[in-house]
Amino acid sequence: MTQSSRDRAPADDTGRDTDRGTGGRPVSPRDAAAAERLLTAGRLGVEGRLVQASNATLYCSIEHDGRAANCVYKPVAGERPLWDFPDGTLAEREVAAYEVSKVMGWGTVPPTVHRDGPYGPGMVQLWVEPDPDIDLVALSRSDDEAIRRMSVFDAVVNNADRKIGHLLPPGDGHVYGCDHGVCFSTEYKLRTVLWQWRGKPLTPEALEALARVDAGLRGGALGARLAELLTPDEVEATRRRVELMLKHRIHPYPPEDWPAIPWPPL
């Protein structure tokens, strides 16, 4: 809808590849604490932009205290208005999605923070380079457990734009997801290419992850953190979605009054 997939190389306005690499020890997305420190305190260097993005999406290098990585920076000033989401809120929704991902324990979203940058405040997320040899279309249609976890995560955050190109498999068996700016609506807007488990029982692992989110939203740290990023109604709607999934113990069905698949699906 408003976010861009990462199926194209970072580029400047001419479309040229601008991945110049960084100095310092690299940071893994699996080391969330180190990645968050780097993303929060590091010096951002804009290398180029993702030319297919609807909103301003900048590819950056970031360095701090001997650590380095590449990242995506989406300044709030570069967000285009949407009819169904409040203006200037997409960056905070991306961070909220990361906070939910952390509590679920699956690492679905790469480390993400909200901070000031060269073009003002915005979202900064660790770059994950997908394995180019992995067929994303086939992956999205598979019964891969990492994809199934992502479908549960998307139901929790009410993701309105899970495209195939938003899947980031680095090649180690894990699958990350990106572009979560259009999540957490109070209306049921789940729109995804991952419907293969609709109506099927949730796994015990999924129920445990949902229970963690439920506990975090009921007076826990997650509820307090989301209250800083979302409206009270959006936090409450998230709690209700989790409650319903725990009650019925199945993957949700597509909405009846909302397109079930994003367009284009890639």
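Predicted model: local features only at pLDDT ≥ 70, side-chain atom pairs only at ≥ 80, totals over all residues.
Student: Okay, why does Trp258 count as buried?

Tutor: Its relative accessibility is 16%. The cut-off for buried is under 20%, so Trp258 makes it into that class.

Student: And what makes Trp83 exposed?

Tutor: Trp83 has a relative accessible area of 71%.

Student: Take Tyr59 and Trp127. Why is that pair called edge-to-face?

Tutor: First, the ring centres are 4.8 Å apart, and pairing asks for centres within 6.5 Å. Then the planes of Tyr59 and Trp127 stand at 80 degrees, and over 60 counts as edge-to-face. So edge-to-face it is for these two rings.

Student: What makes this pair a tie between parts of the chain?

Tutor: Tyr59 is in strand β3 (residues 58-64), while Trp127 is in the loop between β6 (122-126) and α3 (136-141). Those parts are 68 residues apart in sequence, so the pair ties them together.

Student: Are Tyr59 and Trp127 buried or exposed?

Tutor: Tyr59 comes in at 1% relative accessibility and Trp127 has a relative accessible area of 12%. With the cut-off at under 20%, Tyr59 is buried, and so is Trp127.

Student: Now Trp83 and Trp258: why is this pair called tilted?

Tutor: Their ring centres are 6.4 Å apart, which passes the limit of within 6.5 Å. The planes of Trp83 and Trp258 meet at 50 degrees. Stacked needs under 30 and edge-to-face needs over 60, with the rest counted as tilted, so tilted is the class for this pair.

Student: Where do Trp83 and Trp258 sit in the chain?

Tutor: Trp83 is in the loop between β4 (67-75) and α2 (90-104), and Trp258 is in the segment after α7. That's a link between distant parts, 175 residues apart.

Student: How do you know that the charged end of Lys189 sits over the ring of Trp258?

Tutor: The charged end of Lys189 is 3.9 Å from the ring centre of Trp258, against a limit of within 6 Å. There's also an angle test, within 35 degrees of the ring normal, and Lys189 is listed as sitting over the ring.

Student: Which way does β4 run next to β3, and next to β6?

Tutor: β3 and β4 pair in the antiparallel sense over seven bridges, with Ser61 opposite Asn70 in β4. β4 and β6 are also joined in an antiparallel way, by five bridges, and there Pro75 stands opposite Gly122 in β6. Strand β1 (residues 25-26), on the other hand, runs parallel to β4 with two bridges; Arg25 has Arg67 as its bridge partner in β4.

Student: Last one: what lines the largest pocket, by class?

Tutor: Eight nonpolar, five polar and three charged residues. Tyr188, Arg241, Leu244, Met245 and Pro252 lie nearest the pocket's centre, and helix α7 (residues 232-248) supplies the largest share of the lining, six residues. The volume of this pocket is about 340 Å³.

Terms used: Residues numbered from 1 in each chain as written. Heavy atoms only, no water. 1 Å grid on protein atoms, 1.4 Å probe; cavity = no way out; pocket = protein on both sides within 12 Å on 5 of 7 lines; lining within 4 Å. Points joined across faces, edges and corners; volume = space filled by probe spheres on them. Helix = DSSP H or I, 4+ residues; strand = E, 2+ residues; numbered from the N terminus. Nonpolar A, V, L, I, M, F, W, Y, C, P; charged D, E, K, R; others polar. Phe/Tyr/Trp six-rings, centres within 6.5 Å; stacked < 30°, edge-to-face > 60°. Buried < 20%, exposed > 50% of the residue type's maximum accessible area, 1.4 Å probe, protein only. Pairing = 2+ DSSP bridges.
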